[in-house]
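Subject: Structure handover

Hello,

Please find the structure below, followed by notes on what was found in it. Please keep it open while you read.

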Amino acid sequence: MNYRFSDTLKNLPGSVLSRLISLADSLEDVVSLGVGEPDFDTPWPIRAESIYHLENGDTFYSPTRGFLELRQQIANYLNRRFGLSYDPETEVMCTVGGSQGIDLVFRCLINPGDEVLIPQPGYMAYEPCAVLSGAKVVPVLLKEENGFKLKAEELKKAITDKSKILVLNFPGNPTGGVMTKEDYLPLVDLIIKHDLLVVSDEIYGELSYNVPHYSIALIPEIRDRVILLSGFSKTFSMTGWRLGYLCAAKELIDNFAMVSGNMIICTPTITQYGGIVAMRDCDKEIPRMKASFLKRRDLILSGLEQIGLPCCKPEGAFYVFPNIKQFGLSSADFCAQLIQRERLVLCPGSAFGAAGEGYVRCSYSYSKPEIQEALKRLGRFVSWLRENK
Ligand code: PMP
């Protein structure tokens, strides 16, 4: 049967990580640091609230943007935690995870041929979503020697008169890089001069270890150009709930909501009830999870040092991105051999764009014994590579 898929779809790269995971599925005794998903239970008050509403039969559609109470609590949370100000009625909407937000923004803003500036190594969903909306993706290099921060000179090199959207993701997946206010300021003139819109994916905003998280939406001159994208998955360990949000100027949110209404009608309402409690009552859960991630980061960093894999110290999120260039192997080959020899799954850096080649991503959102076992296997593999060079 010829299903006649669209040319755009045919040209999308397949997911490297899912290929590796299916390779791993055929083996026994596999250890994985491959997936970026917190391992905590969703805090009980959140689950209890959703159970209550399910039992109560509150199982109907909500407004497309989400319940006003949830949008109010999101606005309160963003104000309390990061000093941001959004009007819950007009400037906030819920999405199906941060993921739908990424798709929605591109769908609403891209005309064929518009360029989207994507800092790389960067989260793997941006590129396919941009391409599916008809955009041309222009990578902007994030350099290891700059702590994977975005530098104005790199942005300048990538901007053309077709540039429309700049995607930012700090704290970042896969690098763990963070940006402070001082890091953002040199970008502001470029953003204004080239009339760029900024999609700031701050889904790891609560996981900034050394400095408080700073949102680029706090810079008054560009506030109306910034679309803040975030969600509940990482902060409250709610990956399966599929709840996220977008905050932006009214005119943007009006249009996003109109399109989203046609795509999904609304986000699941049972999830939204839990989301209200997460935003309103669960700040105290955040430091506990963050402290646990920080311990795991230090554990994995010291393990990598012992193995002799250089690694830029990540200041946020829950990933380390060690450099494997010394072995002269592509990251995909390194990871495939690692699975075959040691049954350990890591994510090849090339999954995050060409700039990720020469690195692998290890997620440390796994238990201490899993991390220790992974380090043991990685150490053995690296010794074997060195002996067999
Ligand atoms: N942005 C980034 C940078 C991510 O790492 C992820 C999940 N891995 C998402 C967005 C999407 O998360 P979700 O849809 O679960 O909110």
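Some background first. The model is predicted, with local features requiring pLDDT of at least 70 and side-chain atom pairs counted only at pLDDT 80 or more, while totals for chains, interfaces and linings use all residues. Residues are numbered from 1 along each chain as its sequence is written, and side-chain values use heavy atoms, leaving out hydrogens and water.

Domain 1 covers 7–42 + 285–384 and domain 2 covers 44–281; these bounds come from an automatic or database domain assignment. The centres of the two domains, taken over C-alpha atoms, are 25 Å apart.

Contact (heavy atoms within 4.5 Å) involves 36 residues of domain 1 and 38 residues of domain 2. The two domains bury about 3200 Å² between them, with 64% of it on carbon and sulfur atoms. Buried area here is the accessible area (1.4 Å probe) that two parts lose on being put together, summed over both. On the domain 1 side, Thr 42, Ile 286 and Glu 315 lose the most area to domain 2, together 23% of what that side buries.

Between the domains there are 20 residue pairs in polar contact, both residues at pLDDT 80 or more. A polar contact is a pair of N or O atoms within 3.5 Å; within protein, one must be able to donate a hydrogen and the other to accept it, and residues adjacent in sequence count only if both atoms are side-chain atoms.

Helix H11 (285–307) and strand S9 (319–320) are the elements that give two or more residues to the side of domain 1 that touches domain 2. Helices (H or I, at least four residues) and strands (E, at least two) are DSSP runs, numbered from the N terminus. H11 provides the largest share of that side, 6 residues.

**The ligand**

Which residues are closest to the ligand? They are Gly 98, Ser 99, Asp 201, Ser 233 and Arg 242, out of 13 residues that surround the ligand, each with a heavy atom within 4 Å of it. An N or O atom in the side chain of Asp 201 is 2.6 Å from a nitrogen atom of the ligand. For Ser 233, a side-chain N or O atom lies 2.6 Å from an oxygen atom of the ligand. A polar side-chain atom of Asn 173 is 2.9 Å from an oxygen atom of the ligand.

**Salt bridges and backbone**

The whole structure holds 25 salt bridges. One of them joins Arg 81 and Glu 206, with the closest N and O atoms 2.8 Å apart. Arg 81 is in helix H4 (residues 68–82) and Glu 206 is in the loop between strand S6 (197–201) and strand S7 (226–231), so the pair links distant parts of the chain, 125 residues apart.

Most residues other than glycine have a negative phi, and most peptide bonds are trans. The bond between Gln 120 and Pro 121 is cis, with omega about 5°. Pro 121 sits in the loop between strand S3 (115–120) and helix H6 (126–132). The peptide bond from Phe 170 to Pro 171 is also cis, with omega near -10°. Phe 148 has a positive phi, near 60°.

Regards

Note on methods
Salt bridge = Lys/Arg side-chain N within 4 Å of Asp/Glu carboxyl O.
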